[in-house]
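Dear colleague,

I am passing on the structure below, together with some notes on its local geometry and surface. Please read them with the coordinates open.

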Amino acid sequence: MSNFVRRVLRPGCAIQKKQMAISNSLMLFISLFQTVSLAINTIGPFQCITDGTTMISKGGMFELGFFSPGNSKNRYVGIWYRNIPVRTVVWVANRCNPINGSSGLLTINGTGNLVLLNHSKSVVWSTSSSKQPKKPIVQLLDSGNLVLRDEEVENIETNYLWQSFDHPSDTLLPGMKFGWDSRTGLNRQLLAWRNWDDPCPEDLSFVLNVDPHNYPEAYLWKGKTPYYRFGPWNGVGVSGAPDIRPNPLFDFHLVYNGNEQYYRFYLKNNSGISRIVLNQTKSICQHLKWMEGDESWSVYASAPKDSCDFYGRCGANGNCVVIETSICQCLEGFKPKSQAKWDLREWSEGCVRKNPLNCKDGDNDKEILSAEDDFVKLDDIKMPDIRNTWVNESMNLEECRVKCLNDCSCVAYSNWDIQGEGKGCRIWLRDLMDIRQMSESGQKLYVRIRALELEKIRRNNKATHRNRAKVEDSDLPVFSLATISTATDKFSLKNKLGEGGFGPVYKGMLPDGQEIAVKRLSLSSHQGINELENEVILINKLQHRNLVKLLGCCIHKEEKLLIYEYMPNKSLDSFLFDPTQSKLLEWPKRFQIICGIARG
């Protein structure tokens with residue numbers, strides 16, 4: 001018998017060993033019949049897939065078979081894209097139970113379940129359908145879904161006895177459900193490969209957290225520790241992931257009812273190829289799109305993407321602002337729990353209130369509230385962790401405010417849905433965790449503080465606006481903090497030129513290529529907005545060839561920046577006090593410098 005025939009026909013498939021006495025010609029006919037069956041998209045009873053043969057979806061999009069990942073010699077059963085040059089596996093059956101050698105066999109057993117057998121015919125992996133079909137078949141769909149169903153029953157999703165989409169590996173494909181089925185307890189989550197050679201999960205997982213009183217919220221976990229939080233659904237997208245909003249690539253849907261809670265995405269262009277995958281090596285979740293011209297995967301979105309994305313980076317009641325040097329700031333009305341640790345950039349303990357709320361329990365378990373509490377509005381915020389919140393879908397924002405004021409446990413509130421003018425109410429009942437400033441798609445959060453704190457904030461804001469107006473009236477250009485942050489690579493240490501009594505100085509480059517020096521006034525320098533205003537107006541009037549030219553300024557909340565032209569020869573002290581450089585300054589040159597300083 002030819003090697004080809006032996007490769008297709010194995011014991012337990014179409015023909016048992018005792019039947020192999022038939023002629024070679026008949027065997028060849030049966031072998032060819034078996035090959036044709038496998039070349040489409042289904043297998044039935046007494047048919048099998050052996051190592052070296054594959055099953056292909058009807059439209060040729062996906063292929064199922066045995067493979068060895070990376071440099072491993074272990075064999076696994078998986079599904080991959082058929083027409084992509086670099087094999088991209090999207091699902092693995094026996095993730096933690098590899099087969100040694102090429103003796104593996106995938107077939108349907110006597111109970112109608114799909115089973116994977118090793119060389120000793122021991123079960124390595126199997127499906128778990130409790131209902132035995134009359135005529136079981138296994139089919140690979142063009143969606144990438146491998147389904148077990150009864151051929152005598154209508155071919156619709158609700159009649160599947162088992163499907164791979166209910167048991168994802170590390171990849172979410174278009175049309176897959178990501179989340180829970182409350183009726184069966186099924187949790188569809190992603191688990192990253194251990195490494196490129198081993199598909200068995202390690203510690204990185206992508207899970208939908210479901211609260212019976214809230215919309216579900218997606219998390220990345222490392223072991224039992226939350227690693228990244230996507231933010232709650234707000235009617236348009238999720239507040240912490242601006243890429244999951246209306247876009248030209250895909251539609252994103254949330255289903256939330258008594259039976260199921262899940263997210264799912266669909267491509268708007270069915271000819272495209274896109275997937276969401278966990279990457280254990282980089283500890284990130286990526287949304288990838290296949291680029292036909294480059295024959296490579298392009299990153300459409302990824303998370304976490306910066307230092308503020310890591311869960312709870314600034315602790316309770318802290319706000320992470322990625323464009324700041326000290327990225328963590330306490331919310332208005334709060335202060336660091338430990339100032340000493342905060343100064344050392346140890347932010348995990350977070351912030352506490354400067355003044356306690358004026359809320360006490362009254363008679364008959366009713367809460368008595370004075371007018372001494374109020375709310376400060378924070379714009380463009382990633383909503384805090386919602387695991388300790390209360391939701392009402394019909395309240396308006398003012399009713400939500402009153403509800404919060406009349407609950408001593410309430411620390412903040414917001415709209416539950418931001419569509420249109422906003423609707424619904426969500427209130428937070430404990431410390432606010434995992435907040436960050438968003439450059440786009442952020443929401444409004446109303447944080448409860450003492451009214452006296454709010455009055456101080458309002459006075460400071462008015463003073464800041466007045467002084468900013470005076471600075472702008474001086475005809476000196478005013479730069480945005482985002483522009484200066486980009487120019488200095490987020491005030492990186494490699495761009496730091498030095499530090500004086502009023503703060504550090506950084507080298508930067510504007511979008512037009514002009515080099516600049518940025519003087520960042522330290523918060524501890526006690527140089528306030530009035531002093532900055534005076535310095536800006538004075539230096540702007542004293543432009544002189546012997547003085548470094550002031551190009552502009554930036555005032556953003558507590559940030560006060562002066563932007564000067566960059567002097568490539570550095571400052572005079574680098575020549576006067578450097579043993580080598582000082583030898584370059586003869587006395588005639590020194591005298592010339594002294595005269596220049598005097599003229600200045």
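Where is the place of N317? In this predicted model, N317 sits in the loop between strand 24 and strand 25, and its phi is near 65 degrees, a positive value in a residue other than glycine. N317 is buried, because its relative accessible area of 4% falls under the 20% cut-off. The loop between strand 24 (296-303) and strand 25 (318-320) also holds P304, which is joined to A303 by a cis peptide bond with an omega of about -5 degrees. Most residues other than glycine have a negative phi, and most peptide bonds are trans.

A positive phi near 65 degrees is also found at R345, which lies in the loop between helix 3 (339-343) and strand 28 (351-353); R345 counts as partly exposed, at 46% relative accessibility.

Turning to the surface, a patch of positive charge is formed by K335, K354, K456 and R459. Of these, K335 belongs to strand 27 (residues 334-336) and is partly exposed, with a relative accessible area of 40%. There is also a nonpolar surface patch, made up of L572, L576, F577 and I597, whose accessible area together is about 400 Å².

Finally, helix 9 (residues 587-599) spans 18 Å from its first C-alpha to its last over 13 residues, close to the 18 Å expected at 1.5 Å a residue. The number of its 13 residues that are buried is 1, so helix 9 lies largely in the open.

With best regards

Note on methods. Residues are numbered from 1 along each chain as its sequence is written. This is a predicted model: local features need pLDDT of at least 70, side-chain atom pairs count only at pLDDT 80 or more; totals for chains, interfaces and linings use all residues. Side-chain values use heavy atoms; hydrogens and water are left out. Patches are made of residues with over 30% relative accessible area and no salt bridge: like charges are joined within 9 Å, nonpolar side chains (Val, Leu, Ile, Met, Phe, Trp, Tyr) within 5 Å. Accessible areas come from the Shrake-Rupley method with a 1.4 Å probe; for residues, only the protein chains shown count as cover. A salt bridge is a side-chain nitrogen of Lys or Arg within 4 Å of a carboxyl oxygen of Asp or Glu. Lys and Arg count as positive and Asp and Glu as negative; His and the chain ends are not counted. The place of a charge is taken as NZ of Lys, CZ of Arg, CG of Asp or CD of Glu. Helices (H or I, at least four residues) and strands (E, at least two) are DSSP runs, numbered from the N terminus. Buried means under 20% relative accessible area, exposed over 50%, partly exposed in between (1.4 Å probe, protein chains only). The expected span of a helix is 1.5 Å times one less than its number of residues.
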